[in-house]
Amino acid sequence: MSETPEQLKKFRASIDNLDAALIHILAERFRITKAVGEYKATHALPPADPAREQKQVERLRAKAAEAELDPDFAEKLLNFIIREVIRHHEQARGK
């Protein structure tokens with residue numbers, strides 16, 4: 001097996017750094033949404049807010065397009081995150 005070219009190593013190092021940053025950002029996002037779920041549970045609010053979720057999808061699709069990221073991919077990712085947040089909120093309610 002041949003040695004990995006130096007430029008490829010640099011690209012991979014950057015990708016590794018970005019992956020680590022994504023994990024930290026997601027962890028912080030879930031810490032905040034956990035607090036939101038606890039707040040909703042204590043104040044008898046529903047775990048999901050479809051109107052807000054739709055606004056977020058629209059907003060982030062536009063942001064994705066501006067950033068030259070596939071809006072469909074961005075929407076799928078956001079929907080995955082939203083489903084996980086709602087699951088956490090339902091758990092906070094004891095469902």
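**Pocket and helix crossing in a predicted model**

Q: How do the residues of the lining of the largest pocket divide into nonpolar, polar and charged?
A: The model is predicted. In the lining of its largest pocket, three residues are polar and seven are charged. The nonpolar residues number 18.

Q: How much space lies in the largest pocket, and which residues are the closest to its centre?
A: The space in the largest pocket is about 760 Å³. Its lining is made up of 28 residues. Closest to the centre are Arg29, Gln56, Leu60, Leu78 and Ile81.

Q: Which helix supplies the largest share of the lining of the largest pocket?
A: At least two lining residues come from each of α1 (6-42), α2 (50-66) and α3 (71-93). The largest share is nine residues, and the helix that supplies it is α3.

Q: What is the handedness of the crossing of α1 and α3, left-handed or right-handed?
A: On the α1 side, the contact includes Leu26, Arg29, Phe30 and Thr33. On the α3 side, Leu78, Ile81, Glu84 and Val85 are among the residues that make the contact. The crossing of α1 and α3 is right-handed.

Q: How many nonpolar residues has the contact of α1 with α3?
A: By class, this contact has four polar and five charged residues. Its nonpolar residues number eight.

Notes:
Residues numbered from 1 in each chain as written. Predicted model: local features only at pLDDT ≥ 70, side-chain atom pairs only at ≥ 80, totals over all residues. Heavy atoms only, no water. 1 Å grid on protein atoms, 1.4 Å probe; cavity = no way out; pocket = protein on both sides within 12 Å on 5 of 7 lines; lining within 4 Å. Points joined across faces, edges and corners; volume = space filled by probe spheres on them. Helix = DSSP H or I, 4+ residues; strand = E, 2+ residues; numbered from the N terminus. Nonpolar A, V, L, I, M, F, W, Y, C, P; charged D, E, K, R; others polar. Left-handed = near helix turned anticlockwise from the far one by under 90°. Contact = heavy atoms within 4.5 Å.
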